[in-house]
Amino acid sequence: MQLFLIPVTIGNYQATVEAFMQKHIRGPKQTFTFVMIVTHLLSSILSMGTVAIVLSILGDSIKRQVKDATRFSATAVTRGFTLGTLWAPGAATIFLISTVTKVGWTQLFIPCLILGLLGLLLAYLMEYNQPYMRIQPVTTNTKQQTRFTEHASLVSLVAAVIALLILSFVLMESKVVSSMNAVTLSGLLIVLIWVTALGLKPTTGQTAFKFALKKASLDYWQHGIASGAALAPFFVGIGTFTYGFQHSTISSELTHALAPSFAHLGWLLIVLIPIIVVLVSLIGIHPLASVALIGKIIMTMHIALSPLLIALSLNIGSVVAYMLSPFAGIVMIVATLLHVSSATVSVRWNWQFCLIFLVLSLGVATLLSLIF
């Protein structure tokens, strides 16, 4: 998904988002919504690279609109980003959950998208009455009407995300390739088409385009490949650990020991799953590892619960863990960029949202499992 950094850089979409915000976004409430939506949207294609882009592009605008810009930015970005991992086709968590529970991404997408939108709405409502959300910004004279063509690049950014989702869905349903390969192939095709379209624009000179392409490729190498290589040992370690656990005697013994207790829990197990994932993440174990282990144990027990509901419960637990754990990657990145402690970003500013979202989303997930 980091390949999307190339067309985003070539098209100068960062400046487009900033210009749109300056013209149309007025007041803390609108700014909070806009920042969350932009982060949510970009996280589906740029993953962790979204955080630095959003905070660098919109940081000054946020400071002009909001008094407590640090907390405002932290809550908007962490919630927007983590809720995007619920449904994004390139998210490692949803791919892992799909693998463990045997519930395909195409079946998970709509329920998870609904949960993501529910989370965005809840995040807005919970921040609505905060003191810094009541302070009105200094108004400036700007035109209220803007032609569609002025923000065509912003529209194309949204179109690229939609195209990625549709193409991934089609490839998965046709079973041409595996689910993860479908996402990779879709992303590659969308990027190639996108870059080609940018090069063919009448307003783009070939010399300028080649220069922009070279610069974007360099940025991708430095911030995409390099960051991916830095995380590679981590994911290899998780994969090795998970594989070893699945084929060890510990897995069999835990399954045998926990099966009777879990079997008697019934529907309460759906509540217990995310709680375990969150508690384990608080002691430093990454949610990917706990999701893989817990999902494997539960799925081998043949408990009479919908696999979709188990998958949604695991996904909800991972999202809450990403937001609440001081050791989560997204929290540490936001805390570093905003110069605050990771515990402040996660526990102090997000614990209430995490608790309410956990309860509310589990109830909605139960209903969705009966529909889908």
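Trainee: Does S47 count as buried, partly exposed or exposed, and at what relative accessibility?

Mentor: Buried means under 20% relative accessible area, exposed means over 50%, and partly exposed is in between, with a 1.4 Å probe and protein chains only. S47 has 31% relative accessibility, so S47 counts as partly exposed. Before going on, note that this is a predicted model, in which local features need pLDDT of at least 70, side-chain atom pairs count only at pLDDT 80 or more, and totals for chains, interfaces and linings use all residues. Residues are numbered from 1 along each chain as its sequence is written, and side-chain values use heavy atoms, with hydrogens and water left out.

Trainee: Where does S47 lie?

Mentor: Helices (H or I, at least four residues) and strands (E, at least two) are DSSP runs, numbered from the N terminus. S47 is in the loop between α3 and α4. In sequence S47 and G84 are 37 residues apart, and in space they are 9.2 Å apart, C-alpha to C-alpha.

Trainee: How many helices and strands does the chain have?

Mentor: There are 16 helices and 0 strands. One of the helices is α3, residues 28-46, where I45 is found. I45 counts as buried because its relative accessibility is 0%. Between I45 and L5 there are 8.7 Å in space, C-alpha to C-alpha, and 40 residues in sequence.

Trainee: What share of the chain's residues counts as buried?

Mentor: The share is 49% of the 372 residues. For area, the Shrake-Rupley method is used with a 1.4 Å probe, and for residues only the protein chains shown count as cover. The accessible surface of the chain is about 17,800 Å², and 69% of this belongs to carbon and sulfur atoms.

Trainee: How is a contact read, and what share of the contacts with a separation of 6 or more comes from residues 24 or more positions apart?

Mentor: Contact means heavy atoms within 4.5 Å. Among the contacts in the chain with a separation of 6 or more, 78% are accounted for by residues 24 or more positions apart. Setting aside residues up to four places away in sequence, E127 touches F32, R71, T75, R79, Y132 and M133. E127 counts as buried because its relative accessibility is 2%.

Trainee: Which residues have the most contacts inside the largest nonpolar core?

Mentor: A nonpolar core is a set of buried Ala, Val, Leu, Ile, Met, Phe, Trp, Tyr and Cys residues joined through side-chain atoms within 4.5 Å. The largest one has 111 residues, and L58 and F357 have the most contacts inside it. Helix α14, residues 307-324, gives the most to this core, with 13 residues. Apart from neighbours within four places in sequence, L58 is in contact with V17, E18, M21, F34 and V35.

Trainee: How many cavities of 30 Å³ or more does the structure hold?

Mentor: On a 1 Å grid over the protein atoms alone, a cavity is a set of points where a 1.4 Å probe fits but cannot get out, and lining residues have an atom within 4 Å of a point. Grid points are joined across faces, edges and corners, and a volume is the space filled by probe spheres set on the points. The structure holds 2 cavities of 30 Å³ or more. Two or more lining residues come from each of α2 (13-24) and α4 (49-65). Helix α2 gives the most, with 3 residues.

Trainee: How does that lining divide by residue type?

Mentor: Ala, Val, Leu, Ile, Met, Phe, Trp, Tyr, Cys and Pro count as nonpolar, Asp, Glu, Lys and Arg as charged, and the others, Gly among them, as polar. The lining of the second largest cavity has 7 nonpolar residues, 1 polar and no charged.

Trainee: What is the phi of K102, and what is the phi of H339?

Mentor: Phi of K102 is near 65°, a positive value in a residue other than glycine. K102 lies in the loop between α6 (92-101) and α7 (105-127), and counts as exposed because its relative accessibility is 70%. Phi of H339 is near 60°, again a positive value in a residue other than glycine. H339 lies in the loop between α15 and α16, and its relative accessible area is 72%, so H339 is exposed.

Trainee: Where is V340 placed, and which residues does V340 touch?

Mentor: V340 is in the loop between α15 (329-338) and α16 (342-371). Not counting residues up to four places away in sequence, V340 touches T70, A335, V345 and W349. V340 counts as partly exposed because its relative accessibility is 26%. V340 and A74 are 266 residues apart along the chain, and their C-alpha atoms are separated by 9.5 Å.

Key:
1 Å grid on protein atoms, 1.4 Å probe; cavity = no way out; pocket = protein on both sides within 12 Å on 5 of 7 lines; lining within 4 Å.
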